[in-house]
Amino acid sequence: LVRRKDILAMMNEEFGARNQSPQLKLWTKMVQAAEEFRNSTDLVSFDINKESEETKNKYGKTWQGKSCLMAKRLAEKEVPFIQISIGGWDTHNNNKAQITKIMNDTDQGIAALIEDLAETGLLKQTVFFLSSEFGRTPDVGTRDGRDHHARVWTSLLGGGPFGKGFVIGESDEKGERPKKGTNAYHMRDIIATIQNASGIDNDAHLMNSFGRPFPISPKSAKVIEDIFSL
C-alpha cells in the first residue's frame, strides 16, 4: 500500500506539473481522505461482530439482514450516503417462491433498521428509500413470472422531515397504470423530493471534467409537498 501510494503521488505530481486540473486536486483530496479513514478508529464500524447475538438475530443472519445491520452502524457514524443493493428481483420465472424468499429476508432487516433508527433518534436526520428500478407486471402469466413494467410500482419512503403512515398515489384496479383522475408521480419527482428533504438544492448543477454543467434535477421535476405535511 505504501509503494502504491508513493507511485500514485509521483504520477500525480508529474501530471500536475503539465496540467493544472481542478479534478486532479479533487482526486488528491479524496485519496488523502481515504488514507485518513484507513488509519482511523472508525474502521470498527464495519465489524458487525461487535453487535450482540440478540441484535444480529433481530436483523437476521441473511445477506440482507447483515447489510441492514451494517447500514445502522454507518448511520450511527453519520455516514452521509448509504446504499444497499438487494439483487434477485428479476423474477421472470418461479416468481412466487423467489419473492417469498427475498421478502422474508429483506422485511426482517428493513423493519429492524427503521425501528433502531427511530429508537435512537437517528430517523429524524435520516431519509430512507426502498425501491426497485421499475415495477413488475401484475399478471404472472403461464410461467409464474412477472416481467418489466415501468408504468406503475410501489416504493417505501420515510424518515427525516417526512410524515408517516400513509400512501400517496393510486393505481387502477389491476395495478397496470396510475388511476385516472389522480396525481401520477414520476421517478424524477421522487428523487427531487428526497434531495429536498436531504438539504440538496434541486436547482444546483454539477460540472463535469470539461466544465459542462449538469442539473441536479430536471426542470420538470416537482417536489411532492404533501409528503412533508401528512
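Buried means under 20% relative accessible area, exposed means over 50%, and partly exposed sits in between (1.4 Å probe, protein chains only). This is a predicted model, where local features need pLDDT of at least 70, side-chain atom pairs count only at pLDDT 80 or more, and totals for chains, interfaces and linings use all residues. Residues are numbered from 1 along each chain as its sequence is written, and side-chain values use heavy atoms, with hydrogens and water left out.

**View 1. The whole protein, end to end.** Of the 230 residues in the protein, 26% are buried. You can pick out seven helices and six strands; here helices (H or I, at least four residues) and strands (E, at least two) are DSSP runs, numbered from the N terminus. Starting at the N terminus, the order is α-α-α-α-α-β-β-β-β-α-β-β-α. The radius of gyration is 22 Å, well over the 17 Å that the globule rule gives for 230 residues, so the protein is more spread out than a compact globule. (That radius is taken over C-alpha atoms, and the rule is 2.2 Å times the number of residues to the power 0.38.) Along the principal axes, the C-alpha atoms fill a box of roughly 65 × 50 × 40 Å.

**View 2. The surface and its charges.** The protein exposes about 16400 Å², with carbon and sulfur atoms supplying 55% of it; accessible areas come from the Shrake-Rupley method with a 1.4 Å probe, and for residues only the protein chains shown count as cover. Now look for the charges: there are 31 positive and 31 negative side chains, and the centres of the two sets lie 4 Å apart. Lys and Arg count as positive and Asp and Glu as negative, while His and the chain ends are not counted. Each charge is placed at NZ of Lys, CZ of Arg, CG of Asp or CD of Glu.

**View 3. Helix α5, from one end to the other.** Helix α5 covers residues 95–120. At 1.5 Å a residue, its 26 residues should span 38 Å, and the end C-alpha atoms are 37 Å apart, which agrees; the expected span is 1.5 Å times one less than the number of residues. Buried residues in α5 include I102, D105, T106, G109, I110 and L113. An α-helix has 3.6 residues a turn, so residues three or four places apart point the same way. What covers the buried residues of α5 includes α3 (53–59), α4 (63–76) and β4. After the helix comes G121, with a positive phi near 85°.

View 4. Is N95 buried or exposed? N95 is buried, at a relative accessible area of 9%. Not counting residues up to four places away in sequence, N95 touches V140, D144, G145 and R146, where contact means heavy atoms within 4.5 Å. D116 also sits in α5 and counts as buried, at 13% relative accessibility. Leaving aside neighbours within four places in sequence, D116 is in contact with K58, Y59 and K72.

**View 5. E176 in its loop, with α6 next along.** E176 lies in the loop between β4 (156–159) and α6 (187–197). With a relative accessible area of 30%, E176 is partly exposed. Beyond its neighbours within four places in sequence, E176 is in contact with P138, H149, R151 and V152. Further along, the buried residues of α6 include D189, I190 and A192, and α6 is followed by G199, whose phi is positive, near 80°.
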